[in-house]
Amino acid sequence: MSPRKRQLPEIPPELVGTVHITPIDAIYNWARKRSLWPIFFGLACCAFEMIGTFAARFDPSRFGMEIMRASPRQADLMIINGTVTKKMLPQVVRLYNQMPEPKYVLVMGACAISGGPFQEGYNVVSGIDKYLPVDVYVPGCPPRPEGLIHGILTIHAKMERESLRNLRWYKKGEVPEPIPVPELGPDLVDWRLTEKIEAMQEEVVPSQVE
Ligand code: SF4
């Protein structure tokens with residue numbers, strides 16, 4: 001028996017089989033994991049595999065997640081399903097910021113994980129994890145629906161281990177900062193790196209003067 005279960009109060013013998021006691025985390029996480037709503041968008045060919053996964057044959061209703069939401073405000077799972085181009089990345093980050101907490105990111109396919117066959121391409125982001133916090137990676141080109149379902153179940157397992165006591169979005173006064181939306185100029189500008197780049201510039205410029 002786990003230490004957590006050992007701390008639960010004992011049930012009087014006359015109520016055994018009628019009353020069940022369980023930690024609030026278990027009920028809360030069970031409800032959340034059985035109502036994950038993915039945001040509905042597709043980036044490339046992996047999107048068709050995702051669409052196939054969400055059709056009748058693989059039946060995501062089993063997990064309470066057959067409704068894909070067209071609005072980020074109603075979604076708590078982002079499935080990055082294909083090649084992320086530099087032109088598309090600002091929109092993907094903006095959508096992520098618009099999703100309410102708690103939210104999760106599942107990355108499917110070689111392209112989204114690392115750039116895949118287009119890794120050296122001038123227009124392709126070589127890994128969405130450089131910009132978004134990723135919870136689960138599903139490799140493949142494309143991954144089969146079974147692979148995507150395994151990734152979703154892995155997110156469920158992650159949710160089961162979370163606790164109301166230490167989730168950051170329930171702590172008073174701690175509002176998670178949105179990720180600065182990258183800007184596309186001649187290339188991508190990641191505003192989170194501005195301070196680092198300025199510090200590097202200051203190091204380089206005096207040595208050039210000497
Ligand atoms: S990983 Fe393969 S199937 Fe998926 S978007 Fe890239 S090329 Fe297409």
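How are H3 and H6 oriented to each other, roughly parallel or roughly perpendicular? Before the answer, some ground rules. This is a predicted model, in which local features need pLDDT of at least 70 and side-chain atom pairs count only at pLDDT 80 or more, while totals for chains, interfaces and linings use all residues. Residues are numbered from 1 along each chain as its sequence is written. Helices (H or I, at least four residues) and strands (E, at least two) are DSSP runs, numbered from the N terminus.

Back to that pair. The axes of H3 and H6 cross at roughly 75° and come within 9 Å; here axes are lines fitted to C-alpha atoms, for helices over the stretch in contact, and angles run from 0 to 180 degrees between N-to-C directions. H3 and H6 are therefore roughly perpendicular to each other (under 35 degrees counts as roughly parallel, over 145 as roughly antiparallel, 65 to 115 as roughly perpendicular and the rest as oblique). On the H3 side, Glu-49, Met-50, Gly-52 and Thr-53 make the contact, and on the H6 side Pro-145, Leu-148 and Ile-149 do; residues are in contact if their C-beta atoms, placed from the backbone, lie within 7 Å. By class, that gives 4 nonpolar, 2 polar and 1 charged, where Ala, Val, Leu, Ile, Met, Phe, Trp, Tyr, Cys and Pro count as nonpolar, Asp, Glu, Lys and Arg as charged, and the others, Gly among them, as polar.

H6 (residues 145–160) also packs with H2 (residues 24–33), at an angle of about 155° and with the axes 9 Å apart. H2 and H6 are therefore roughly antiparallel to each other. The contact pairs Asn-29, Arg-32 and Lys-33 of H2 with His-156, Met-159 and Glu-160 of H6. This one has 1 nonpolar, 2 polar and 3 charged residues.

Now look at what H3 (residues 46–53) hides: Cys-46, Glu-49, Met-50 and Thr-53 are buried (20 or more other C-beta atoms within 10 Å of the residue's own; 12 or fewer is exposed, and in between is partly exposed, with C-beta atoms placed from the backbone). These buried residues fall within an arc of 100° seen down the axis of H3, so they line one face of the helix; the arc is that of the directions from the helix axis to the C-beta atoms. Their cover includes strand S1 (77–80), strand S2 (104–108), helix H5 (110–114) and H6.

H4 repeats the theme, with Leu-89, Val-92, Val-93 and Tyr-96 buried. They cover an arc of only 95° around the axis, which puts them on the same side of H4. Why might such a spacing work? An α-helix has 3.6 residues a turn, so residues three or four places apart point the same way. The buried residues of H4 pack against S1 and strand S5 (188–189).

Most residues other than glycine have a negative phi, and most peptide bonds are trans. Yet Glu-101 and Pro-102 are joined by a cis peptide bond with omega of about -10°, and Pro-102 sits in the loop between helix H4 (89–98) and S2. Cys-141 to Pro-142 is cis too, with omega near -10°; Pro-142 belongs to the loop between strand S3 (136–138) and H6. Asp-59, in the loop between H3 and S1, has a positive phi of about 50° although it is not a glycine. Asp-59 counts as exposed, with 12 C-beta neighbours inside 10 Å.

Conventions: Contact = placed C-beta atoms within 7 Å.
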